[in-house]
Amino acid sequence: IMAKRPAVGRTKTRLSPPLTLAEAAALYEAMLRDTIHLGARLKGVQLAIAVTPPEATSTFQRVGPPGVILLPVAGVNIGDCLNQVLGGLLAAGHPQAIALNSDGPTLPAAYLRQAFVRLDGADVVLGPSEDGGYYLIGLKQACPELFRDIEWSSEQVTDQTLARAQAMGVSVAMLPPWYDVDTSAGLDRLRGELATLPATALPHTRRFFARRGESQQDH
């Protein structure tokens, strides 16, 4: 799970408005905690949390489950971080390594399980985001070239990654698309989804909305 230390004024600022900057950072922390719970529920998988900035690693010792691997990461962009994380895990002997974003906590667990299965028959597995990026990428062997010269944080990320893979002769298995909570529209969608999920799902995210005096039944 690719994680950042929540910081007021630096985390999820596109959610303000309608949230305050402090609320945007608090929501990200809640979504991150629920995403960690999502990953921890997968059987037969070693959970790792990649932490940016590296000095925030100790903070995540309190939120990670027992046995979690904490990976301090510093890179010039998200591609550099992904390459460090995936390459490092593969070099450590893991046969597959999958990186998941931390701002789409309602992602169905079935998509994650499918990612590992699909990776058995392909060089790369990719979960495209509806905004043109991707929420998940997985590899069986290090592939630094796949992360070079990509317009990160743009709607071209998935298309450029697929074009790079094709040029390299690398096979890609695609997962169903999902969404990131980056804007007010994503925030509204998250509220709507919470109203349809079991009351025990996403406890941290629910608690965030409850503290704001919101009820999912109102949305």
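Student: Which exposed residues does the face of α5 turned away from its buried side carry?
Tutor: This is a predicted model: local features need pLDDT of at least 70, side-chain atom pairs count only at pLDDT 80 or more, and totals for chains, interfaces and linings use all residues. Residues are numbered from 1 along each chain as its sequence is written, and side-chain values use heavy atoms, with hydrogens and water left out. Helices (H or I, at least four residues) and strands (E, at least two) are DSSP runs, numbered from the N terminus. With exposed meaning over 50% relative accessible area, buried under 20% and partly exposed in between (1.4 Å probe, protein chains only), the residues you want are Gln 166 and Ala 167.

Student: Thanks! How wide an arc do the buried residues of α5 cover around the axis?
Tutor: The buried set in α5 is Val 157, Thr 158, Thr 161 and Ala 165. They lie on the same side of α5, because the arc they cover (taken from the directions from the helix axis to the C-beta atoms) is only 95°.

Student: And which strands are among the elements covering those buried residues?
Tutor: Let's count contact as heavy atoms within 4.5 Å. The cover then includes β5 (124–128), β6 (134–139) and β7 (172–174).

Student: Moving on, which side chain makes a polar contact with the side chain of Asp 34?
Tutor: Asp 34 is in helix α1 (residues 21–40), and is buried without a salt bridge, meaning a side-chain nitrogen of Lys or Arg within 4 Å of a carboxyl oxygen of Asp or Glu. Its nearest side chain of opposite charge (Lys and Arg count as positive, Asp and Glu as negative; His and the chain ends are not counted) is Arg 207, 7.1 Å away. A polar contact is a pair of N or O atoms within 3.5 Å; within protein, one must be able to donate a hydrogen and the other to accept it, and residues adjacent in sequence count only if both atoms are side-chain atoms. At 2.6 Å, the partner is Thr 205.

Student: How many residues apart in sequence are the parts tied together by Lys 12 and Asp 182?
Tutor: Both residues are buried, and their salt bridge has its closest N and O atoms 2.3 Å apart. Lys 12 lies in the loop between β1 and α1 and Asp 182 in the loop between β7 and α6, so the separation of the parts they tie together is 170 residues.
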